[in-house]
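Here is a short walk through one protein model. Keep the sequence and the 3D view side by side as you read.

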Amino acid sequence: MNMKKLVSGAVAGAMAMSMCAVSAFAATVEMDSEYPGSWAASKCIPKTELEAIGGDVKITLTVETRNLANTADQFLIRPMDYDNGWADMTPECTSDTVIAKVDGMFCIPEEATTVEFVLNGSAVAGMGDSGLSFQVQNVTIKSAELEAGSPQAEFPRVSDADGKDYCFGRKTFEELGGGAAASDDTSADEDAQAETVEEETPAVTEAAAETEAAAETEAAPQGDAATATAPAKTGNTTTAAIAVVMIGAGTAALLSRKRK
C-alpha cells in the first residue's frame, strides 16, 4: 500500500475518533427562558443526559438573577432529584466556587452569570428519569453545560444572614471560608516541587561530571592511548564512541565490496 495513503488514513481515523470523544463527553441542555416563580422548580436536566457523560459530571449553569424594584432579599438555587420528592442533591455536589447555606441552597452573587459545580457520578444511578432540577428563588437558569469532571472542594455552609450578605457582595467568598482548601493544596504542590528539585540536583551534577570525563578521555591523542586513564565504567557507551564504531564498520564494508 502507498505509504502516503496509509499515513493519511491513520490521521483521518484519529481525527474521527477525537470528534466522537468530544461529542460523547459534552452536552448543552436548554432550561428556562422565563423565571418559573419563587421557590419553584426549574426545568430538568434529563437523567439520560447525565448518564451519557459517564462518571462525575461537571455542570456549568448559565443564570440570570432577578431583582425587580430592588425587592429581592437573596438569590438562591438548590439542586434536587425531581422525581424523588425534590430530594436535596447538595450533599452529592462539590465546587471550588460555590457558597451554600446550611439548608443546601446555593448562594448566587447578584452579578453572577454562571454557576459551576460537580455532581457525583454514583448519585446519578439512583435518580428518577426526569433527572436533576433546581429549586430557585430570584434566579432563572437559562441552560446547563455538561462535561466529564472530577470532585472539587467541599463548599462552605453558611448561615442565612451570611448567605444574604454574600448574595449582595457584603461578604466575600474568602471571608466565608471559600478557597481555603485550594490554597492549601497549592502550597503542598509547591513544597513537593521544591523537594523534587533538591533530590534531583545531585544526580544531575554527577551525570554531567561523568559525561565530561568521558569526553576528555576520547579527545586524548592516539600516541598517549597506552598511558591515558580509562573512563569510569558506568554501564553506558558514549555517543561519540558509538559514532566511531559505526563509521569504522561502514568504511570496512565499503572497502570489502571494492576488493570483490
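This is a predicted model. Start at Phe-134. Its relative accessible area is 0%, so Phe-134 is buried; the cut-off for buried is under 20%. Phe-117 also counts as buried, at 0% relative accessibility. Phe-106 is buried as well.

Now look at the rings. A pair of aromatic rings is described by the distance of the centres and the angle of the planes. The model has five aromatic pairs. One of them joins Phe-106 and Phe-117. Their centres lie 5.5 Å apart, with 80 degrees between the planes, and the pair is edge-to-face. Phe-106 sits in strand 8 (residues 106-107) and Phe-117 in strand 9, so this contact ties together parts 11 residues apart in sequence.

Phe-117 also pairs with Phe-134. Here the centres are 6.2 Å apart and the planes meet at 75 degrees, so this pair is edge-to-face too. Phe-134 belongs to strand 10 (residues 132-137), and the pair links parts of the chain 17 residues apart.

Next, follow the strands. Strand 9 (residues 114-119) runs antiparallel to strand 3 (residues 57-65), and six bridges join them. Which residue in strand 9 is the bridge partner of Ile-59? That partner is Phe-117, the residue that pairs with Phe-106 and with Phe-134.

Strand 3 also pairs with strand 11 (residues 139-148). The sense is again antiparallel, over nine bridges. In this pairing, Thr-65 stands opposite Val-139 of strand 11.

Notes:
Residues are numbered from 1 along each chain as its sequence is written. This is a predicted model: local features need pLDDT of at least 70, side-chain atom pairs count only at pLDDT 80 or more; totals for chains, interfaces and linings use all residues. Side-chain values use heavy atoms; hydrogens and water are left out. Two strands pair if DSSP finds at least two bridges between them. Helices (H or I, at least four residues) and strands (E, at least two) are DSSP runs, numbered from the N terminus. Rings of Phe, Tyr and Trp (its six-membered ring) pair if their centres lie within 6.5 Å; planes under 30 degrees apart count as stacked, over 60 as edge-to-face and the rest as tilted. Buried means under 20% relative accessible area, exposed over 50%, partly exposed in between (1.4 Å probe, protein chains only).
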